Amino acid sequence: MEMARFNIAGAAQWPRLRALGAKAREADFRALLGQERAARYRLEAAGLYLDYSRNLITDEALDLLIGLAEASPLAAHREAMFRGGAVNRSEQRPVLHTALRAGADELRADGLGELAGEIAAQRRRIGEISEQIRSGGWRGATGKPVRDVVNLGIGGSDLGPRLACEALKEFAHEGIRCHFLSNVDGEPIRSLLDGPDGLDPETTLFVLASKSFTTGETLLNANTAGQWLQKCLRDSFGGNRNAPANPFATPHFIGVTAAPERALALGLPESQILLFDDWVGGRYSLWSAIGLSIAISVGHDNFSRMLAGAAAMDRHFRQAPPRRNLPVILALLGIWYANCLDAQSQAVVPYCERLGRLPAYLRQLDMESNGKSVTLAGEAVAAATGPIIWGEAGTNSQHSFFQLLHQGTRLVPVDFIGVAKDSLSAPGHHRVLLANMVAQSSALMLGRQSGELPPWRQYPGNRPSNVLLLEQLTPETFGALLALYEHKVFVQGSLWNINSFDQWGVELGKDLARRLLNLHDEGDEHGPSALDAGARAMFDRLRTEDST
């Protein structure tokens, strides 16, 4: 089947799935929750365990979803991705973040042998520089070792490394602190650099993480950091005469980019530029040199272990049959709720504080990838795509939005994520934490209804959830967890027949903001004609406020 022409709503399974979905909203699934279902509705791979028995789905519906996946171009699309086909059609690029974590033999088997040496060289550079910094061998302009690393990036250049450093803090270097700045808001960078606990410029290293090296937010923060460093170094060197002329040329800046010519133009020495390829999408880039901050924090060996865990999930995704395939099953459950039960959102609730940023990471991964309304053939999509992803760490979330999950009017499937053994927690705390996770999943499905209770004390039940368990939070299981969700998003994009690897929807607002700033600097009194009347009035008001 030609990939660009697949229509999910035209598949043979679609009418029956829609009919079953309509019935599922009214059916009572609690009677199905026996031992036999619990044994069949579970999967395990790459150190992860999934229990999906508490879902509003029957064997018949699951069989139809499996048939839908098998009738779709998913298998061909998956092989095209792993083998370097231009699956990002709008930009005519391959999508090869999986190659960054594959072994040389696997790359050669996929016809990508020429990339093996390049990827190995990039990994070596990450290892050499991160270990030099961790060992104290990387010295600043005044000869002092690095004590603080500030990652300047946004989107995938921030969310992935920030999440990984927090999740794997058990392995962090005791003498180096990692900080992350992304927002163009000037308060965070001013507070970090000049606040009461401001950084020491002589021992601070900035990592400029930008694929294009044209990202406005990152460059503005970089220029602010450069000005701060230059001023401080003048004081350290006793004035302008002895201070370095260009702060970006000092050992206090490293660039990570797919556009080295722009980093060189800023003044960074070639030896302080790490490269990755343009076939690495931003939200998949933590596996590349964008992960330098991760390697600095937890060590290159642990960074490599993270890649190995993701690679194990890659192999599972590629080799396991659909019914035993974790990403495929998670994706099909998402299709079921979004397209057959008309759910609008998906909650992600990690019962591990170190995974507290996972919902934000998955929000970008899923909503930027599958928030599309046009198919690969350029036609309007035939079904709802891109659910709203949201969530927060448990048990905090139980005291905020769980009221809506239990007794609200909206259908919200939940992914609970827990860690079975946690060496950083206290046994008593961890037992309570996991008991709450399991109890919440069960309570959502079972509910509580009794004639002895007033209506406001009753729980309707029949609220679906998955429980995903990591045996331990290690670099391997963390890598496998992220790869699991990457492939889940990919499967759904394949069935919806959309391009999960571009993000043109973010460009228009950025373009108008650039035009606004140019007009502001040039003193145009009327504002840009491309804006609506209300926006033009707001622009004029802000110009007036700015001039007072």
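In this predicted model, the axes of helix H1 (residues 14-24) and helix H13 (residues 326-340) come within 9 Å and cross at roughly 75°. The two helices are therefore roughly perpendicular to each other. On the side of H1, the contact is made by Trp14, Leu17, Arg18, Leu20, Gly21, Ala22 and Ala24, and on the side of H13 by Trp336, Asn339 and Cys340. Seven of these contact residues are nonpolar, two are polar and one is charged.

A further feature is an open sheet of six strands, arranged in the order S1-S2-S11-S10-S8-S9 with mixed pairing. Strand S1 (42-45) and strand S9 (388-390) stand at the edges with a single partner strand each, so one side of each has no neighbour in the sheet. On average, neighbouring strands are turned by 20° against each other, direction ignored. Strand S8 (residues 345-351) pairs with S9 in the parallel sense over three bridges, and Ser345 stands opposite Ile388 in S9.

| Helix | Strands touched | Angle |
|---|---|---|
| H17 (residues 475-496) | S2 (48-51), S8, S10, S11 | about 150° to S11 |

The largest pocket holds about 1,300 Å³ of space. Its lining comprises 42 residues, of which Ser212, Thr215, Val506, Glu507 and Lys510 lie nearest the centre. The elements that give two or more residues to this lining are helices H7 (156-167), H9 (216-237), H14 (358-370) and H18 (507-522). H18 gives the most, with five residues. By class, the lining has 16 nonpolar, 15 polar and 11 charged residues.

Conventions: Residues numbered from 1 in each chain as written. Predicted model: local features only at pLDDT ≥ 70, side-chain atom pairs only at ≥ 80, totals over all residues. Heavy atoms only, no water. Axes fitted to C-alpha atoms, helices over the stretch in contact; angles between N-to-C directions. Helix = DSSP H or I, 4+ residues; strand = E, 2+ residues; numbered from the N terminus. Parallel < 35°, antiparallel > 145°, perpendicular 65-115°, else oblique. Contact = heavy atoms within 4.5 Å. Nonpolar A, V, L, I, M, F, W, Y, C, P; charged D, E, K, R; others polar. 1 Å grid on protein atoms, 1.4 Å probe; cavity = no way out; pocket = protein on both sides within 12 Å on 5 of 7 lines; lining within 4 Å. Points joined across faces, edges and corners; volume = space filled by probe spheres on them. Pairing = 2+ DSSP bridges.
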